[in-house]
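Some notes on the model follow, as numbered points. Please read them with the coordinates open.

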Amino acid sequence: MTLDLADIQGLVAFGYSRLRFSSFEFLHIKNRHETKRWLKTLPIEDARSREEKAKADVPVSSTALNVAIGAPGLVKLGISRCELYANFPPEFCGTDDEGAPKNSMGEAIRANVLGDVGTNDPHHWEYGNPKQPTLDLVVLLYAKDETELENLRARWITPAIDSGAVSQIASEKSRIFEDEREHFGFRDGLSQPDIDGIGGATKPSAINPGEFLLGCPDEYGTYSYSPTVNGGHFDFGKFGSYLVIRKLRQDVAGFHHYFQKEAASHGGSVTAGWLAAKCVGRWPSGAPLVRYPQTDPGMEGDNNFEYVGDGKQPIDSDGLKCPIAAHIRRSNPRDSLDEGSVQSRVTVRRHRLLRRGRTFGERPVDPAIDDGKSRGLFFITLQASIRKQFEFVQQTWLNDGKFSRLYESPDPITAPKVSAEIPPSMTIPQDPVRLRLSGMPQFVTTLGGGYFFLPSLSAMQYLCELPDK
Ligand code: HEM
């Protein structure tokens, strides 16, 4: 199947890493007619490469703009409630007491699935909170510097607010730092799935596009489910993708203190940096522990590795190099699931995430001192099924303390602390005796977020042309 890249939004193909400055504009629709008029004018970037655009005489912009729509926004723009509930997945729709679509991620049922309990409870969120106005739209703006970003915002967002088409729920600045490290100090955004048909990916390891785009061949040998509208006459989902955004605050000082304290309690036999790397599964440079188990070689992150191998030459079945509980080994177990390496590779290909996250907040002057400022990661993923991909990975691989026969050992970096009685622990396999980190604090807190649909450009046009009710 040939993908029509001119019909697919750019975020599916690009992380815009050269456009380091970004802003996520969370909007609530006030006037449907005015919103449609405004949406029609937006210069939404498509997924064609610069070369393809040049060949097609399409101007290449130095900025980028993408748009995604929440379930309440789809209904406001004219998709009937009936078709929404019949044709879109329940985790995306969500309902309030009157049966209207709501901030679905903030629902109690999703909060339980995602571990959004305690300090992560959606009732404390800055937005996406069930008590607040619905997140109808998010416009993602990307630019190479702050001035260009401000201009982009003034050109495309301010007029929609001033005309009364939409109201602003939040305008969130985010960025990729020059060294591409997140706030705990590790290189991020290294491991991404190659997608067949996008960015010239032809490797045998490339994942079928239907894992990320609706209406396309997927890893089950079928086509990913795509919702139709207008009584089945319009394939609204085709070439669209579901977008998850979560604002995750990182306790940077808490992270450094904890590992310094643990290193000291082990009598100096290990360093804080070594312990933290064991929890992530990569060194700060991005080098994977499974390749470089002793020290950080200080080189760019290699991504062509497995944990178990073909059995002839065992790589790291016991987690002596990269612990089984480490963040990257459980968020993408590659060939190391209990079902055996061959089946593991098949299973894992059905639960991949296309990550588009960025940091928010400034770097602290001294990471070991709590300066009281909020900083963290806008965790952003694209997938064909929120339930099967993002929610599955978070619930079953990251938050479950019994992942891969572990015990009371959820993800050491991201998991919430669900019970004061049993604080999470982390086992670091060692020969002859394992090392156990106990009483791990919660390093990451959810501050907000939502589920959105990133439509194809033709679906966007269809929506804008629906008659007002
Ligand atoms: C503040 C929270 C988080 C931090 C600081 C963080 C940090 C990192 C780092 C440093 C890496 C290694 C670099 C790379 O491969 O790109 C990574 C990889 C990854 N993370 Fe996270 N992460 C966070 C939250 C999450 C969440 C919530 C999920 C999923 C629900 C997730 C899924 C992944 C995946 C799938 C990978 C790639 C693993 C691989 O393919 O080897 N992360 N993360």
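1. Which residues come nearest to the ligand? Of the 27 residues around the ligand, these are Phe186, Leu190, Ser191, Ser331 and Asn332. A residue is near a molecule if its C-beta atom, placed from the backbone, lies within 6 Å of it. This is a predicted model: local features need pLDDT of at least 70, side-chain atom pairs count only at pLDDT 80 or more, and totals for chains, interfaces and linings use all residues. Residues are numbered from 1 along each chain as its sequence is written.

2. Two or more residues of the shell come from each of strand S7 (241-250), helix H11 (327-331), strand S10 (376-383) and helix H13 (387-398). H13 gives the most, with four residues. Helices (H or I, at least four residues) and strands (E, at least two) are DSSP runs, numbered from the N terminus.

3. The largest nonpolar core has 111 residues, and Val12, Val138, Val139, Leu243 and Phe452 have the most contacts inside it. Strand S3 (residues 137-143) supplies the largest share of this core, seven residues. Such a core is a set of buried Ala, Val, Leu, Ile, Met, Phe, Trp, Tyr and Cys residues joined through C-beta atoms within 7 Å. Buried means 20 or more other C-beta atoms within 10 Å of the residue's own, exposed 12 or fewer, and partly exposed in between, with C-beta atoms placed from the backbone.

4. A cis peptide bond joins Asp431 and Pro432, with omega about 10°. Pro432 lies in the loop between strand S11 (426-428) and strand S12 (435-437).

5. Tyr16, although not a glycine, has a positive phi of about 55°. Tyr16 is buried, with 23 other C-beta atoms within 10 Å.
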